[in-house]
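Colleague: I'd like a close look at one single spot in this model, and then how that spot sits in the rest of the chain. Could you walk me through it in one go?

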Amino acid sequence: GWTMEDVMEEEIMVIKDTVGPDEHVICALSGGVDSTVAAALVHKAIGDRLHCVFVDNGLLRYKEKERVMETFQKDLHLPVVCVDAVDQFLSQLKGVTDPETKRKIIGKEFIAIFDEFAHKLEGKLGKKPSYLVQGTLYPDVIESCPPPGSGRTHSHTIKSHHNVGGLPKDMKLKLIEPLKLLFKDEVRQLGRILDVPQAFLKRHPFPGPGLAVRVLGDVTEGNALDILRQVDEIFIQSIKDAGLYDSIWQAFAVFLPVRSVGVQGDQRTHSHVVALRAVTSQDGMTADWYYFEHKFLDDVARKICNGVRGVNRVVQDITSKPPSTIEWE
Ligand code: XMP
């Protein structure tokens, strides 16, 4: 039988054979497990002829940029540029409330930025990069191309999913998809032998459009994003402290575009409501809401209202998928 070490060696050989000695490769890192492991593998094969980009779109979680950049640079020594595109994304999203329109804008903006990165790199290298790395997994391959007669249909027609890695238009890049025969747990194993930190490999999935699908309505309204980041961080940290993180598929907070009346100190308040969502799932296609102890929920709600200015009410989402989806938008 083969081991994951064998798979890694085999993949590295394939990549070395594929990419010519003076060809260059680009990769968009999302901060997720798949793109990170794919990049780490390609880096092992071709070194700094790999060029990665991470985009701060203003829709990231609390300290996310700092945390993932540290993993990319300190743990993995990946050559990565961090592009600050916060204003570019948020100005495009201003006033937009329709969930699908938000996703489309984010996807389009992302491609524009990636395009610019690729062209700048071309200027620096004096030649076009030849390949694009994508962290496509085996289930993605099956899903986007169901075997004929299988009765399967494309499963993401309800929400358009924009994973990072749209192709720069005129670059004619060839694809390198080193994970395309692997399942998620195999990618984690591979990540482990490539020195991706264990905590990073266990991170919950996070949607490409980021907090845009977790601030309902206009994401630029008031300080919704900032409030959401703080609430989310308290919730996730509490889950980790209680030792529950690995039992949950995804946990996050949602910012609701409503205010409710509360009383804090001697003051009547008219502040924001946030929802907490945690689910268990095998693959994200169906999900069950997670049962927390009442004491845990009580502590979290207090921490949130005491710690986050502008929030006076916390509710929990107790629906499964179906009929709900995991995200609220
Ligand atoms: P839903 O909300 O459809 O989500 O039950 C299922 C899984 O997919 C993630 N998700 C997304 N991922 N772009 C992504 O890359 C998206 O637009 C998107 N929408 C949902 C969601 O977080 C869950 O893991």
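Modeller: Let's start with Arg 214, which is buried, because 27 other C-beta atoms lie within 10 Å of its own and the cut-off for buried is 20 or more. Bear in mind that this is a predicted model. As for where Arg 214 is, look in the loop between helix 8 (198-201) and helix 9 (224-241).

What does Arg 214 touch, leaving aside its neighbours within four places in sequence? The list is Leu 228, Phe 252, Val 254, Phe 255, Glu 327 and Trp 328. For a distance to something else, take Thr 286: Arg 214 and Thr 286 are 72 residues apart in sequence, and C-alpha to C-alpha they are 19 Å apart in space.

Now zoom out to the whole chain. The secondary structure comes to 10 helices and nine strands. The radius of gyration is 21 Å, close to the 20 Å that the globule rule gives for 329 residues, so the chain is as compact as a globular protein of that length. Along the principal axes, the C-alpha trace spans about 70 × 45 × 45 Å. Arg 214 is buried, and 34% of the 329 residues count as buried. Take the contacts between residues at least 6 apart in sequence: 75% of them join residues at least 24 apart.

One last stop is the pair of helices 1 and 2. Helix 1 (residues 4-18) packs against helix 2 (residues 33-46) at an angle of about 60 degrees, with the axes 9 Å apart. The crossing of helix 1 past helix 2 is right-handed. Helix 1 brings Met 8, Glu 11, Ile 12, Ile 15 and Lys 16 to the contact, and helix 2 brings Leu 41, Val 42, Lys 44, Ala 45 and Ile 46. Sorted by type, the residues of that contact are seven nonpolar, three charged and no polar.

Key:
Residues numbered from 1 in each chain as written. Predicted model: local features only at pLDDT ≥ 70, side-chain atom pairs only at ≥ 80, totals over all residues. Axes fitted to C-alpha atoms, helices over the stretch in contact; angles between N-to-C directions. Helix = DSSP H or I, 4+ residues; strand = E, 2+ residues; numbered from the N terminus. Left-handed = near helix turned anticlockwise from the far one by under 90°. Contact = placed C-beta atoms within 7 Å. Nonpolar A, V, L, I, M, F, W, Y, C, P; charged D, E, K, R; others polar. Rg over C-alpha atoms; globule rule 2.2 N^0.38 Å. Buried ≥ 20, exposed ≤ 12 C-beta atoms within 10 Å, placed from the backbone.
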